[in-house]
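This briefing is for a reader new to the structure shown below. It begins with one residue and its surroundings, then turns to a second residue and to the protein as a whole.

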Amino acid sequence: MKKKFKLFDFTQKVDYKNEVLAGLTVSLAMIPEVVAFAFVAQISPIVALFGAFVVGIVAATLGGRPGLISGAAGAVAVIFVDMIQKGHAKGLLMDTPIENMGYFYLIAAVVMMGVIQVLAGFFKLGKFVRLIPNPVMMGFVNGLAIVIFMAQLGMFKENNKDIFGQNKRNTENTELAYSVEGNSVRDVASNSVLFNIVGNSIQNAETNEETFVISEGQVFDVKNQRVVYNVEDDGFYKVKIAGVSKSYLTGSKLYIMIGLVLLTMLIVWGLPRLTTKIPAALTAILVVTLIVIFGNLDAINVGGFIRDGGGEGLNGLKEIKDKLDVFALWSNLPFNLDTLWFIFPYAFLAASVGLIETLMTMNLVDEITDTRGSGNRECVAQGTGNILSGFLGGTGGCGMIGQTVINLKAGGRGRLSGIMMALTLLTFILFADKYIEQVPIAALVGVMFMMVIDTFAWSSFRILRKIPMSDAFVLILVSAVTVFFDLAIAVFVGVIISALVFAWENAKRIRARKFIDENGVKHYEIFGPLFFGSSQVFGDKFDVLTDPKEVIIDFKESRVNDMSGVDALNKITERYQKAGKKVQLKHLSKDCRKLLANAEEIIDVNIIEDPTYKVAVDL
C-alpha cells in the first residue's frame, strides 16, 4: 500500500521544551561554522547565515527526515570558491564592469543546484543511498568527524597583521613588474628609473614622494594601504592573493582558549550525569559566555571572529532587506548560454555533494532514532530550500552532520527543532546580533569537539580485525579521501571498490557439477551468477573436446545477469558448434530468457523448456 504524503505527523509525541531548547543550541553552534565557510567562499557572512535560515526552515518543514538539521554547509561552500573567483574576473571584463559578479553567479548556481536536487527527488534517486555499504557509511562518518575536528583547530589561530594593522595576506608571485638594480626600481621595457628605495620606503624618482613601503617581503601601496607586489632580489613581482596569513595563538590567549574549551566540554559531558532536564550544550555556552563577560577575559568572541575575517559584524537587517529586492538583485546577472555553461558544472557537483551528505546524514539519524525517513522527499525539500535561498540572495546548503548530532543529543527529534533553529538564527541576525557577537568562540569549539567525539564511530577500531580485509580497506580509504579530497569522491570511490570486491567474490563462486546420464548426454549444473566478473571462469568449466555429442547446461541454481553472461554463453556454444556437438539450455528464468531474446543476433542455441522461443533453433 502506498504511503500517503503527510506534511506533519500529529500522532508523533513531541517534547516541546526539548525541541525548542535543541533548536536554540544548534543555532548557536551553526553561527561560527557558517561564518567560517563564508570567509572560505569569499562571501558576506549574512549571505551564508541567511542561506542557512532559508534552507534550514524549508528542509525542516518539508523534508523527509525529522530531526535532521540543514544549513549552509562547508562541503557545498568549498565547491563554489573557484566559481566565485572566476565570476569576479568575468565581471570585470564585461562592457559595464561589475566588481562583485561572482556573487551573482553564485546565487544562480544555487538555484540550479536546487532544481537538480528536486529532479533527483522526483525521479526517486534518493533510494540509491541504500546501495551505500556499511563500511562506506562508517568511513563517511569518521572522515567527516575528522574534517569537523580539523576545522575547529583553525579557531585556535588568529590573523597576522600587516604594517597598516590590517589582515596580512599571503601572496604568490606572478609576472615581473619592475626590475631592481641597487636602490633603483626600473621599468622592465625602457630600463628607466621610476622609483628609489630609501630604507623600507619607495619614493617617486621625480617628486621624492613616498609611493610604496616594503614590509616582510611585500610592497604596499601607501595610498590604498594594500599589498601590490612581492620583493625579490631581481625586482618587484605582481601578486596573486593566496588567503589570509594566520598563526596559532600564544601566551595568555592560548591558555584562556584551551581552558574555556575544556570547561565547555566538561559541562557538556558532566551535566547529563546530574540532570537531563536542561540541555547540556546550551548550558555550557551560556555559562562560559557569562564567565568571559563578567571575568573580562581576553577571549575571541563571535563578533571579533567575524570582523577579523574581513566582515563588518552581523548588521543583518539592512543587508537582508537589500536581498529581498529580488528584481534589483537579479538584474545584474546576464541571462545567456554563457552563464548557463559557466555555472552548470559547479551546480551539478554541489547538488551531488549536498544530496550525498544529506542522505548519509539521514541514514545516521535513522540508526540513532531507530526510525526511517524518506530519501526522495528529503531530496525535494533540500532542492526547494536551495531554489528559494538562491532566489533571495542566499548561498546553498545541505544536511549538516555535526549540527544534526548536536540536535539529537539535545533531545530534538521532530520538525520543531529544525524550524526553531532557523527562526532563532534569523532572530539573531536581525535583532540580537550584539548579544550573539559576545558568545566566545571557545564555547562553540568545545561543543563541536564533544559532537566529534559522539559522531566518530569508535567501534570501527574494535571491528577492523574482525571484518573482511576488503571492508576494512574501504572504511579506511573512505575516511582518508573524505579528509584529503571531497565527500562525494570518497563515497563514489568507496561504492565502486565495494562493488568491484563484490563482483570478484561472486566471480569465484560460480561452479559446475558435471555428470553423464543413461542416454550418454552430459549435464553441466551451474551454481552461482553468470555476469561480467564470472564469464571467464564460466568458460573454463567446459571440456568441449572430450564431451559427448549432446550437452545440456542447467541454470536451475544460476542466472544470466548481463550481456557479458550472454557473450560467455555465445562463446561456449560456438566452441561446441565447431566441434559438431549439440548444446541445450535448461531452467532459464524469465528475465534470463528476455535478456537472450534481446541478444538474438549474438546467441543461437536451443532452450529445452521453451520450444517457441524466438532465438532457439535446432542444431
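Leu125 is partly exposed, with a relative accessible area of 42%; buried means under 20%, exposed over 50%, and partly exposed in between, with a 1.4 Å probe and protein chains only. The model is predicted: local features need pLDDT of at least 70, side-chain atom pairs count only at pLDDT 80 or more, and totals for chains, interfaces and linings use all residues. Residues are numbered from 1 along each chain as its sequence is written, and side-chain values use heavy atoms, with hydrogens and water left out.

**Around Leu125**
- Leu125 sits in the loop between helix H4 (101-122) and helix H5 (134-153); helices (H or I, at least four residues) and strands (E, at least two) are DSSP runs, numbered from the N terminus.

**Thr404**
- Thr404 belongs to helix H13 (residues 401-409).
- With a relative accessible area of 1%, Thr404 is buried.
- A polar atom of the Thr404 side chain lies 3.1 Å from the backbone nitrogen of Ile69.
- Leaving aside residues up to four places away in sequence, Thr404 touches Gly67, Leu68, Ile69, Thr361 and Val365; contact means heavy atoms within 4.5 Å.

**The whole protein**
- The protein has 22 helices and 17 strands.
- Of its 619 residues, 52% count as buried.
- Among contacts with a separation of 6 or more, 73% are between residues 24 or more positions apart.
- The accessible surface is about 30,500 Å², and 60% of this belongs to carbon and sulfur atoms; accessible areas come from the Shrake-Rupley method with a 1.4 Å probe, and for residues only the protein chains shown count as cover.

Methods. A polar contact is a pair of N or O atoms within 3.5 Å; within protein, one must be able to donate a hydrogen and the other to accept it, and residues adjacent in sequence count only if both atoms are side-chain atoms.
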